[in-house]
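Please keep the sequence and the model in view while going through the numbered points.

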Amino acid sequence: MERKVIYQTLEDKENPEEVEQQGPFPCNWGNAWLGNGYYFWDTFIENAHWWGKKHRKDKYIICKSTFDYSDKTCFDLVGNTSHMLDFEKSVDLMRKQGLVNKKTTVARVISFMKEKTKVLEQQSVRVYGINSKSEKTKPNYRLKFELNKPQYLVYKPAIQICLFGFKGINLGEFSIVYPDIYINEYVI
């Protein structure tokens, strides 16, 4: 089991004490990619900043935490091929039951896996949304494998982790790491 560093980007409502005391906060967007839960950026704080600049108009807070990450705590669609195959099997089962159409989303499959088949028992899901960030995003953390070829490596991918709950994951301290003005050690 490893301790995974995660970052949550929040709107800055000038309430840092409340944020640290009551956080993390669930996503309340109707189109949440992975369903209801607490959304974090995996490992790379740069992605938390990108999200804040794009969706919070530069008025944002970033909080850091950690959790116990393993196959038992996280359904990993980034690095665990067995989990990817389980996801595929669930899509195939849904297709056989007539539950897949043009409007089927990842969140719908995850919900099916949690509620109907009980295949997804973990308290979190980890995904990399391809093309989440435009190639024009600077810095873009992309490096080509070969010149004049389209293939590339993203070495700081925009990986999201959605925590459905906190049971068994040993969530660490939730503390503000940006902006500096809200950090306790910040000196003027």
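1. A residue is called buried when its relative accessible area is under 20%. By this criterion strand 8, residues 159-163, is mostly covered, as five of its five residues are buried. The model discussed here is a predicted one.

2. Which residues point one way from strand 8, and which the other way? Ile159, Ile161 and Leu163 point one way, whereas Gln160 and Cys162 point the other way; all are buried. In a regular strand, side chains alternate between the two faces of the sheet.

3. Strand 8 has pairing partners. Strand 2 (residues 38-42) pairs with strand 8 in the antiparallel sense over four bridges, and Phe40 stands opposite Ile161 of strand 8. Strand 5 (residues 124-128) also pairs with strand 8 in the antiparallel sense, over five bridges; here Gln160 of strand 8 is the bridge partner of Val127.

4. The chain as a whole contains four helices and nine strands. Read from the N terminus, the order of these elements is β-α-β-α-β-β-α-α-β-β-β-β-β. The radius of gyration is 18 Å, close to the 16 Å that the globule rule gives for 188 residues, so the chain is as compact as a globular protein of that length.

5. Of the 188 residues in the chain, 41% are buried. Among contacts between residues at least 6 apart in sequence, 72% join residues at least 24 apart.

6. The chain exposes about 11700 Å², and carbon and sulfur atoms supply 51% of this area. The chain has 28 positive and 23 negative charges, whose mean positions are 9 Å apart.

Terms used: Residues are numbered from 1 along each chain as its sequence is written. This is a predicted model: local features need pLDDT of at least 70, side-chain atom pairs count only at pLDDT 80 or more; totals for chains, interfaces and linings use all residues. Side-chain values use heavy atoms; hydrogens and water are left out. Helices (H or I, at least four residues) and strands (E, at least two) are DSSP runs, numbered from the N terminus. The radius of gyration is taken over C-alpha atoms; the globule rule is 2.2 Å times the number of residues to the power 0.38. Buried means under 20% relative accessible area, exposed over 50%, partly exposed in between (1.4 Å probe, protein chains only). Contact means heavy atoms within 4.5 Å. Accessible areas come from the Shrake-Rupley method with a 1.4 Å probe; for residues, only the protein chains shown count as cover. Lys and Arg count as positive and Asp and Glu as negative; His and the chain ends are not counted. The place of a charge is taken as NZ of Lys, CZ of Arg, CG of Asp or CD of Glu. Two strands pair if DSSP finds at least two bridges between them.
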